[in-house]
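Q: Could you walk me through how to read a few features here? Start with the side chains, please.

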Amino acid sequence: MDVKIGLECHAQLLTKSKLFCSCSTDYHDSKPNTHVCATCLGLPGALPVVNERAIRYGMKVALALGCEVQEEIIFYRKNYYYPDLPRGFQITQYDFPIAFNGLVRIESGGGDGGKEREIRITRVHMEEDPGRLVYIGTIDTAKYSLVDYNRSGMPLVEIVTEPDLKSPKEARIFLGKLRSTLEYLGVFDGDLEGAMRVDANISLEGGDRAEVKNISSYKGVERALSFEITRQKNLLRRGLKIQQETRHYDETRGITLSMRTKEFEHDYRYFPEPDLVRIRISDRIEEIKREIPELPDEKKKRFTSQYSITTEHANSLTYDINIADFYEEVASKIDMKLSATWIADVLKGELNYRSISMREASKRISTADFVAILRYLKDGVITERGATEIMREMLDRGGVKPEEIIKSKGLASIGSEEIEGAIDKVIKENEGAVEDYKVGKKEALNFLVGQVMKHTRGRAEPKEVRRLLVGKIESEF
Ligand SMILES: [Zn+2]
């Protein structure tokens, strides 16, 4: 059954002040309702003033997504009543948004083997964020809810796609690519809570579309969509009709709930915001184009050719701009393929395991530290296992240097003499296994290598142990 998914992605822009007032946007660690003024509280008589930087950021996003930026923009009032919207309308854009018709390329299989797909961007526009409702309990059981207006008036750029996505997984990959691009532009921080919120339209062949509102995590998007597809399929199977409606995604329970039947555009009574003038933006396009840095796709291409690394590594290293920068710094000082392997395959895994970002990690493990670890490894001072152990220790403790860990944990690898000593001991203690190997039971060798590794407390390279062990046993034949 064909699935069609379209997304409306709302991303908070990293300006210093809100979209229409001078309140600070740095509210994430503050008490509720401490970053507010007459304008973002919607008090009578308060007038909005447009934040120029927010518009420039919005244009940057539109250009990076390959959109056609328009001549001028006009803000509109979108009228609806909700407690998080004290004015009774949201200032947004309608007929005259920043841009139309963009394109984002994604690799739908993820990684190397995936085939490239093009997802069309319908439009990019600016709007203000409403306040935040805090439910005590869950949305359908809460006896009351609280409102925090710190978020009210935050600048959002809304990116609307055509219904080109074919699966929840593609939606997640698209969002990852979008996040990566916005972070490259320096206008967005995906680590901030609620920085990206998504509404998704989903329809199955032959059904009406349902909209799932306000999904606020990247993982949530895939889960919410999967749930919704199953729900719709079950309805169709029972011969029921899928209602055109708006549903809410309950993150903790992983389900979608009906909120209200869908509004239609005319319900919002859009009209131009009379307190703001139309803004001509076309004369800034060239200037802003020049500010756009190298984007993920270009960087990926450059990495593959400049550092002769695999596409898979280039993909993995360029996804997060902070990892890309870290890699380039390390690769300028030491073997670029070795750096790629250790950053893409080992370091990234350790970061995922600890759920910390590269930006946080680089406070505990600098590029100089990383180069030092790889140099010790190359020079045979430590084993691969030792190198991993040092990285783990640095990430967990912070404020320690590789040399200290090598000393305190006794990670310095041992010479072949010491390895041979251990091998002799293991051969003597495990005659049965040695005999097994001699009569062709290959798995006995793995056991013996393991025993030697145990004796040397992991300070020998397994490959070297295996080579010496085989030599020794065979010389005894
Ligand atoms: Zn304000």
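A: Buried means under 20% relative accessible area with a 1.4 Å probe on protein chains only, exposed is over 50%, and partly exposed sits in between. Here, cysteine 67 counts as buried because its relative accessibility is 7%. Cysteine 9 also counts as buried, at 0%. Keep in mind that this is a predicted model, where local features need pLDDT of at least 70, side-chain atom pairs need 80 or more, and totals for chains, interfaces and linings use all residues. Numbering runs from 1 along each chain as its sequence is written, and side-chain values use heavy atoms, without hydrogens or water.

Q: Into which domains is the chain divided?
A: Bounds come from an automatic or database domain assignment. In this chain that gives domain 1 (3-288), domain 2 (294-408) and domain 3 (416-475). The C-alpha centres of domain 2 and domain 3 lie 32 Å apart. Five residues from domain 2 and five from domain 3 make up their contact, meaning heavy atoms within 4.5 Å.

Q: How much area do domain 2 and domain 3 bury between them?
A: Buried area is what two parts lose in accessible area (1.4 Å probe) when put together, summed over both. For this pair you get about 300 Å², with 48% of it on carbon and sulfur atoms. On the domain 2 side, Thr383, Glu384 and Arg385 lose the most area to domain 3, together 96% of what that side buries.
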